Amino acid sequence: MEAYVAILAKITYLVALLFLVIGLCTPIVVEAKHVSIKNRLGSGKNMTLHCKSKDTDLGEHSIAYGDEFGWDFHDDVVGTTLFYCDLEWERVQEYHFDAYDFHRDFVRCGGDGCSWLISAEGMYGSNSQTGIWEFMYHWPN
């Protein structure tokens, strides 16, 4: 009888642990994220953008002034999601930046997703906590 109680206690512990792990991981797995990159370089100025993660290549896109490119995804369970992009326009060649880094953006981007604004002076990222566009990157000289 004691062996039966010990086995039952162990099974109960493992089931409770499983529910705890699922409960902690569900918000990360269920909530879809959205990244958008907007061209605000100026009238007539196009940019080329190529974004990818270690698993997904989103392809190369030419984005006209006023247009944007975006995609949806889910964070991985272990919190290592990273999407990076290479950007080019008439003044900048092959500028590499992280469009979404779980460690930087999970809280900063919140439920609204991550938005980037590409301008002639540099790149701005939206902060969903403050509602402010923050200047994030200068173009190289």
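Me: Why is Phe135 called partly exposed?

Reply: Phe135 has a relative accessible area of 33%. Buried would need a value under 20%, and exposed a value over 50%. The 33% of Phe135 lies in between, so the label is partly exposed. Do keep in mind that this is a predicted model.

Me: Where does Phe135 sit, and what does Phe135 touch?

Reply: Phe135 belongs to strand S9, residues 132–138. Leaving aside residues up to four places away in sequence, its contacts are Glu121, Gly122, Met123 and Tyr124. For Tyr124, the C-alpha atoms are 4.4 Å apart in space, with 11 residues of separation from Phe135 in sequence.

Me: What makes Cys51 and Cys85 a disulfide?

Reply: The cut-off is a pair of cysteine sulfur atoms within 2.5 Å. The sulfur atoms of Cys51 and Cys85 are 2.0 Å apart, so the pair qualifies. The two ends come from distant parts of the chain, 34 residues apart: Cys51 is in strand S2 (residues 47–52) and Cys85 is in strand S5. The link is right-handed, with 105° about the S-S bond.

Me: How do you know whether Cys51 and Cys85 are buried or exposed?

Reply: Look at the accessible areas. Cys51 has a relative accessible area of 0%, and Cys85 also has 0%. Buried means under 20%, so both cysteines are buried.

Me: How many disulfides does the structure hold, and how are the cysteines paired?

Reply: There are 2 disulfides. With the bonded cysteines numbered in sequence order, the pairing reads 1-2, 3-4. Besides Cys51 and Cys85, Cys109 is joined to Cys114, with an S to S distance of 1.7 Å. That value is within 2.5 Å, so this pair counts too. The Cys109 and Cys114 link is right-handed, at 85° about the S-S bond, and both of these cysteines are buried.

Me: What makes Glu94 stand out in its backbone?

Reply: Glu94 has a positive phi of about 50°, although it is not a glycine. Most residues other than glycine have a negative phi. Glu94 is placed in strand S6, residues 92–101.

Me: And why is Glu94 called exposed?

Reply: The relative accessible area of Glu94 is 63%. The label needs a value over 50%, so Glu94 is exposed.

Me: How do you know that the side chains of strand S4 alternate?

Reply: Follow residues 68–74: Phe69, Trp71 and Phe73 point to one face and are buried.

Me: Why are strands S1 and S4 said to pair?

Reply: Pairing takes at least two bridges between the strands. S1 (residues 32–40) and S4 have 7 bridges, so they pair, and they do so in the antiparallel sense.

Me: What makes up the lining of the largest pocket?

Reply: The largest pocket holds about 210 Å³ of space. It is lined by 13 residues, and the closest to its centre are Ser53, Asp55, Asp76, Thr81 and Leu82. The lining divides into 4 nonpolar, 5 polar and 4 charged residues. S4 and S5 (82–89) each supply at least two residues of the lining, and S5 gives the largest share, 3 residues.

Notes:
Residues numbered from 1 in each chain as written. Predicted model: local features only at pLDDT ≥ 70, side-chain atom pairs only at ≥ 80, totals over all residues. Heavy atoms only, no water. Buried < 20%, exposed > 50% of the residue type's maximum accessible area, 1.4 Å probe, protein only. Helix = DSSP H or I, 4+ residues; strand = E, 2+ residues; numbered from the N terminus. Contact = heavy atoms within 4.5 Å. 1 Å grid on protein atoms, 1.4 Å probe; cavity = no way out; pocket = protein on both sides within 12 Å on 5 of 7 lines; lining within 4 Å. Points joined across faces, edges and corners; volume = space filled by probe spheres on them. Nonpolar A, V, L, I, M, F, W, Y, C, P; charged D, E, K, R; others polar.
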